[in-house]
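Dear colleague,

I am handing over the structure below, and I would be glad if you could read the notes that follow it alongside the coordinates.

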Amino acid sequence: AGTLKISADNSGLIQIVNNISFEELLKVVVPSEIEPDSAYQAVCAQAVAARSEVLAKYRTRHTESDYDFCSATHCQAYGGINNRRKQSDRAVDETAGKIVFSNGHIVDTVYHANCGGLTEDSNRIWSAPFDPALVKITDSTAETAIDLSTDETAVKKFIAGAPASYCSVPGACNNPDKYRWTREFSRSEMERLIKKQFDIGALKSIEVLERGASGRVVAIAIHGSRATEKVYKELPIRKLFAMLRSSLFILELHPGNAGGEDRFLFKGAGWGHGVGLCQDGAKGMAILGKNYEQILLHYYSNSKIISFD
């Protein structure tokens with residue numbers, strides 16, 4: 001759609017920029033970010049979230065470039081016009097002009113695949129000011145209050161128990177390993193991963209220093225025979241261990257038997273950063289009969305849905 005501009009970028013490499021309208025952008029972004037055949041009200045919620053995020057981030061990214069947004073998930077996924085589908089086109093049209101608004105500004109309506117039952121405060125995940133619209137919520141039909149920031153036993157119970165949540169509603173999650181997952185490494189594998197970033201010597205232990213209210217790990221200490229290193233924020237922690245699905249995890253050490261290697265077992269919940277809209281949760285709410293406004297106001301606290309011309 002639209003036109004192409006071919007030129008040199010700031011480093012002298014060829015760049016191709018697609019000039020398109022706002023609505024054309026959304027009609028590709030929405031089915032690139034959520035399965036377009038999902039429960040319809042979830043697709044509508046995604047359309048409003050995509051619109052709000054575009055407007056909230058407009059002129060704040062790639063400011064040194066000749067384009068406003070990249071086509072990767074750094075901004076929002078843009079898979080080209082072949083990704084367009086009738087249902088997502090309809091969702092964009094039927095929610096035209098709708099955005100999420102809070103505290104005098106358009107909410108930066110970030111989203112992720114699956115929250116595992118709890119979302120997290122945005123300022124615990126990223127180095128950003130506290131935003132009352134992007135705070136921890138319990139993604140449960142029971143709406144029970146859970147704080148897992150300081151209770152390791154409660155974190156273990158929550159991950160093992162997998163309480164019923166919107167993102168575990170049958171039909172909402174197309175991959176059950178998104179809601180609860182495990183990842184295992186041998187001691188030598190763990191040491192190789194760590195050595196890519198830190199020279200700590202032989203690995204002695206990994207200590208969780210801090211968790212967010214949802215139980216997501218936001219600081220760890222890696223103790224080695226030569227040094228101790230600390231890692232902060234969920235994405236660097238996930239990347240350190242070969243891109244774990246989320247930082248809502250517990251780590252178990254299983255000693256090797258009969259000369260075998262020790263095993264490090266991550267047991268976790270959810271997929272993604274855990275802030276804002278849980279896409280599988282949105283599908284679950286839609287399956288249970290909630291409309292897109294109810295879905296959005298569940299995930300974006302202290303907010304309202306408004307229309308702009």
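What follows concerns the aromatic rings and the charged side chains placed over them.

Please keep in mind that this is a predicted model. The count of aromatic pairs comes to 3. In one of them, Phe-241 and Phe-266 are tilted relative to each other, with 5.1 Å from centre to centre and 45° between the planes. This pair links distant parts of the chain, since Phe-241 belongs to the loop between helix H7 (234-240) and strand S10 (249-254), whereas Phe-266 belongs to strand S11 (residues 263-269), 25 residues apart. Phe-241 has a relative accessibility of 1% and therefore counts as buried, and Phe-266, at 0%, counts as buried as well.

Phe-266 also pairs with Phe-249: the ring centres are 5.2 Å apart and the planes stand at 80°, so this pair is edge-to-face, an angle over 60 degrees being what that class requires. Because Phe-249 lies in strand S10 and Phe-266 in strand S11, the pair ties together parts that are 17 residues apart in sequence. Phe-249, like Phe-266, is buried. Taken as a group, Phe-241, Phe-249 and Phe-266 form one aromatic cluster together with Phe-185.

Two arginines are also placed over rings. The charged end of Arg-245 sits over the ring of Trp-271, at 4.0 Å from its centre, while Arg-180 lies over the face of Phe-158, 5.0 Å from the ring centre.

Conventions
Residues are numbered from 1 along each chain as its sequence is written. This is a predicted model: local features need pLDDT of at least 70, side-chain atom pairs count only at pLDDT 80 or more; totals for chains, interfaces and linings use all residues. Side-chain values use heavy atoms; hydrogens and water are left out. Rings of Phe, Tyr and Trp (its six-membered ring) pair if their centres lie within 6.5 Å; planes under 30 degrees apart count as stacked, over 60 as edge-to-face and the rest as tilted. Helices (H or I, at least four residues) and strands (E, at least two) are DSSP runs, numbered from the N terminus. Buried means under 20% relative accessible area, exposed over 50%, partly exposed in between (1.4 Å probe, protein chains only). A charge sits over a ring if NZ of Lys or CZ of Arg is within 6 Å of the ring centre and within 35 degrees of the ring normal.
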